[in-house]
Amino acid sequence: MEKKGFLQSGHKPTLLGAFLYFDISFMIWGMIGPLAVVIAADIPMDPVQKAQLVALPVLGGSILRLLFGFLSDYIGPKLTGQIGMIVTLLPLLLGWMWVDSLDQLYIVALLLGVAGASFAAALPLAGQWYPKEHQGLAMGIAGAGNSGTVLATLFANRLAQHFGSWEIVFGLAIIPIAIVFVVFSLFARNSPNRPEPKKLSAYAGILSQKDAWVFCGLYCVTFGGFVGLSNYLTIFFNSQYGLAAVQAADITTICVIAGSFFRPVGGFLSDKIGGARMLTFLYAGAGIMLACVALLPPLPVVIVLLFAGMMCLGAGNGAVFQLVPQRFGNEIGLMTGIVGAAGGLGGYALPLILGNLYKTTGSYAPGFITVSLIVAAALTLIIVMHIKWKNTWLRVSTANTGKAIS
């Protein structure tokens with residue numbers, strides 16, 4: 001049977017709907033990061049408390065991705081996404097009308113995790129429509145919705161400054177999520193090829209497979225590094241280089257753009273040369289860039305280094321999810337939730353590493369050195385696993401797609 005090109009396969013309205021859902025959800029998930037500097041003017045926080053604040057939405061998203069992954073398999077990714085958008089209104093309303101202390105803000109930050117859990121519905125919704133030879137690009141396009149972080153870093157502090165209140169930003173975020181809910185409901189559709197839901201015992205069996213844990217580790221570094229830095233860099237630029245809140249968020253936006261828009265590039269190139277090989281290059285690049293950031297060079301230099309590092313991490317997200325459907329195609333909904341949860345845990349840990357080491361040592365250098373060493377560990381892991389996979393499931397997958405083993 002002749003294979004169709006990317007544009008002739010799949011379902012483009014669903015791909016668009018999945019992207020928009022993920023994009024706006026990611027914007028809401030990432031709002032606390034840039035707003036932290038503005039909020040700190042009203043609610044005093046030390047470096048660790050700031051790190052905890054920006055990390056809590058990631059923790060909430062990590063936990064809820066497991067639930068959303070299960071729901072995507074059991075009730076379908078479209079309905080799961082609709083439920084997610086409705087529930088997202090709760091922390092937005094609380095942040096707008098209820099918060100007046102740090103403890104209450106922590107609760108709102110944790111509840112914002114429901115927006116981050118969108119990953120576990122959006123990616124299966126898009127990916128299940130496409131054959132394996134195009135899933136890297138399809139899931140990369142849907143996953144490029146993490147560009148919503150750009151909207152958060154670009155507009156959150158400006159809106160807070162314009163209206164003289166950071167609380168109003170939560171209220172204003174209700175407007176785009178409501179619009180996307182309507183568009184998503186009208187155009188997105190579950191794939192007719194969606195696997196039948198499995199028993200809970202089958203899900204436990206997935207976690208007994210070593211490859212599932214390997215993918216969790218790989219994504220913990222790529223996505224965790226991307227989202228952790230996205231949420232923390234505004235604080236970093238404010239503390240290290242003395243930039244005002246809006247300026248620090250603007251420079252963060254530049255770095256976030258690299259990670260967001262290179263995700264589909266990572267998926268596309270992984271379709272061509274293989275996700276494992278692609279990850280080898282990307283981990284090496286990210287590790288070198290972050291090690292150089294630890295030198296704390298002048299601002300223009302550190303921007304270039306972080307741009308390149310975030311580009312590698314963002315493309316790495318696409319590369320990991322070029323591999324996951326090949327290995328766990330029948331359990332893609334749950335695996336997306338499991339692997340996504342691991343990525344969220346990495347994003348939760350990174351701000352805490354940087355914040356705690358900065359408070360202890362008075363410098364960001366030890367934190368970035370630590371992160372670069374973690375990336376180096378991931379590089380070692382993918383090199384070892386690539387050798388193993390070439391002789392097992394990756395050989396079968398590449399034979400089915402008609403591509404050379406890479």
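Is R327 buried, partly exposed or exposed, and at what relative accessibility?

Reply: R327 counts as partly exposed, at 23% relative accessibility. The scale is this: buried means under 20% relative accessible area, exposed means over 50%, and partly exposed lies in between (1.4 Å probe, protein chains only).

A word on the model before going on. This is a predicted model, in which local features need pLDDT of at least 70, side-chain atom pairs count only at pLDDT 80 or more, and totals for chains, interfaces and linings use all residues. Residues are numbered from 1 along each chain as its sequence is written, and side-chain values use heavy atoms, with hydrogens and water left out.

Now the partner. R327 forms a salt bridge with D211, and the closest N and O atoms are 2.8 Å apart. A salt bridge here is a side-chain nitrogen of Lys or Arg within 4 Å of a carboxyl oxygen of Asp or Glu. The pair joins distant parts of the chain, 116 residues apart: D211 is in helix α13 and R327 is in helix α17 (residues 299-327). Helices are DSSP runs (H or I, at least four residues), as strands are (E, at least two), numbered from the N terminus. D211 is buried, with a relative accessible area of 6%.

Side chains of opposite charge can pair when their charged atoms come close. The structure holds three salt bridges. One of them is between D250 and R158, at 2.6 Å, N to O. D250 is in helix α14 (residues 245-261) and R158 in helix α9 (residues 148-163), 92 residues apart. D250 is partly exposed, with a relative accessible area of 22%. R158 is partly exposed at 36%.

Another joins the side chains of K359 and D46, at 3.4 Å, N to O. These two are 313 residues apart: K359 is in helix α18 (residues 332-361), and D46 is in the loop between α2 (32-42) and α3. K359 is partly exposed at 48% relative accessibility. D46 is partly exposed at 26%.

Back to α13, the helix of D211. The largest nonpolar core has 124 residues, and F237, L306 and F368 touch the most other members. Such a core is a set of buried Ala, Val, Leu, Ile, Met, Phe, Trp, Tyr and Cys residues joined through side-chain atoms within 4.5 Å. Helix α13 (residues 210-241) gives the largest share of this core, 16 residues.

Look at F237 next. Contact means heavy atoms within 4.5 Å. In soluble globular proteins, nonpolar side chains tend to be buried together.

Last, the wider setting. The protein has 20 helices and zero strands. Buried residues make up 59% of its 406 residues. Of the contacts with a separation of 6 or more, 85% are between residues 24 or more positions apart.
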